[in-house]
Amino acid sequence: MSTPSADPGTPSPAVAAPVGDPAAVLDSGQGGGRRGSLGPVGLVLAGGLSVQFGAALAVTLMPRAGALGVVTLRLAVAAVVMLLVCRPRLRGHSRADWGTVVVFGAAMAGMNGLFYQAVDRIPLGPAVTLEVIGPLALSVLASRRAVNLVWAGLALAGVFLLGGGGFDGLDPAGAAFALAAGAMWAAYIVFSARTGRRFPQADGLALAMGVGALLFLPLGIVESGAELIDPVTLGLGAGVALLSSVLPYTLELLALRRLPAPTFAVLMSLEPAIAAGAGFLVLDQALSAAQSAAIALVVAASIGAVRTQVGRRKRRAPAVS
């Protein structure tokens, strides 16, 4: 999750347009021509690959550090890197500003924690597919258009197919954790946008990461203890943080400067498919034909919801003479 890669975005533009946010991202992009789009598209895809392969690396680390320990390492290392790079100003912010960033950090911690609990129990591809239902539902509800009921129905059909009609083929607790992570992802999207409006550049994201790391630290210590400072564990945890947070945020920030935001949002809708590929290549998690079809349905629903939002905003935009 990331997480989001995982998981699960970053400010200016990525807090206002977080990863996997099909609706909010539409407001943040810059125009771009076809000839200049190949490079930015490559950056976005590289970011998506980085997030999901980072999640796959996290799964291999869980037997050593536990799911909570992995989340603690990811948040802590990413927070240290972001705070050192951004050096956010601590003074001059209102109580409402700090309240927003604290809730944003809590949502980030909850999203990551629940997602890693999910991938500890079910394959990576299905976990990301269930998680993406959260931002998809937010996009559908925010648009309030009848056509989005089609995309919601398509996504629900994918979830039903993924669960084999009752989640008999998936661990029920793992599926529940993934859906809960999706709900936290939706909250993350809302508060990332609010944080982006209150803090300049990536300051809000860096502070929220610090909050999330502090909130999760006691849980990681209880589960993993001294294992968190083992050199091998710490090194692998740093790799997860760089692959799942620091590198994709940087790549997406660069891409959004040159890539039309609707294109970015559609590419983000491919996350479940990328996750399935990472799970197969790194973790040997083969999917059944039904699970593959379910992932395809959710991806199609996400892309459809994004394109509907794009068309709606284009119609609202005033003509420029």
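**Figure 1. Helix 3 and helix 6 are oblique to each other.** In this predicted model, the two axes cross at roughly 45°. The axes of helix 3 and helix 6 (residues 172-198) come within 7 Å. Their crossing is right-handed. Helix 3 brings Ala-127, Leu-130 and Glu-131 to the contact. Helix 6 brings Ala-175, Ala-178, Leu-179, Ala-181, Gly-182 and Trp-185. By class, seven of these residues are nonpolar, one is polar and one is charged.

**Figure 2. Helix 3 runs roughly antiparallel to helix 10.** The axes of helix 3 (residues 124-131) and helix 10 (residues 271-283) cross at roughly 165°. Angles over 145 degrees count as roughly antiparallel, and therefore this pair does too. The two axes come within 7 Å. Helix 3 passes helix 10 in a right-handed crossing. On the helix 3 side, the contact residues are Leu-124, Gly-125, Val-128 and Thr-129. On the helix 10 side, they are Glu-271, Pro-272, Ala-275, Ala-276, Ala-278 and Gly-279. This contact has six nonpolar, three polar and one charged residues.

**Figure 3. Helix 3 is mostly covered.** Eight of its eight residues are buried. They are Leu-124, Gly-125, Pro-126, Ala-127, Val-128, Thr-129, Leu-130 and Glu-131. Among them, Leu-124 and Val-128 meet helix 10, while Ala-127 and Leu-130 take part in the contact with helix 6. Glu-131, also in the helix 6 contact, is buried as well.

**Figure 4. The largest nonpolar core has 61 residues.** Those with the most contacts inside this core are Met-108, Phe-115, Tyr-116, Val-119, Leu-124, Tyr-188 and Met-209. Helix 1 (residues 38-86) supplies the largest share of the core, with 17 residues. Nonpolar side chains tend to be buried together in soluble globular proteins.

**Figure 5. Val-119 and its contacts.** Neighbours within four places in sequence are left aside here. Val-119 is then in contact with Val-59, Met-62, Leu-124 and Ala-127.

**Figure 6. Asp-230 sits in the loop between helix 7 and helix 8.** Helix 7 covers residues 203-224, and helix 8 covers 231-256. Asp-230 is partly exposed, with a relative accessible area of 25%. Ala-65 is 165 residues away from Asp-230 in sequence. In space, the two are 9.6 Å apart, C-alpha to C-alpha.

**Figure 7. Arg-87 has a positive phi of about 45°.** Arg-87 has this phi although it is not a glycine. The residue is found in the loop between helix 1 and helix 2 (95-119). Arg-87 is exposed, with a relative accessible area of 70%.

Figure 8. From the N terminus on, the elements run α-α-α-α-α-α-α-α-α-α-α. Of the 321 residues of the chain, 54% count as buried.

Key. Residues numbered from 1 in each chain as written. Predicted model: local features only at pLDDT ≥ 70, side-chain atom pairs only at ≥ 80, totals over all residues. Heavy atoms only, no water. Core = buried A, V, L, I, M, F, W, Y, C linked by side-chain atoms within 4.5 Å. Buried < 20%, exposed > 50% of the residue type's maximum accessible area, 1.4 Å probe, protein only. Helix = DSSP H or I, 4+ residues; strand = E, 2+ residues; numbered from the N terminus. Contact = heavy atoms within 4.5 Å. Axes fitted to C-alpha atoms, helices over the stretch in contact; angles between N-to-C directions. Parallel < 35°, antiparallel > 145°, perpendicular 65-115°, else oblique. Left-handed = near helix turned anticlockwise from the far one by under 90°. Nonpolar A, V, L, I, M, F, W, Y, C, P; charged D, E, K, R; others polar.
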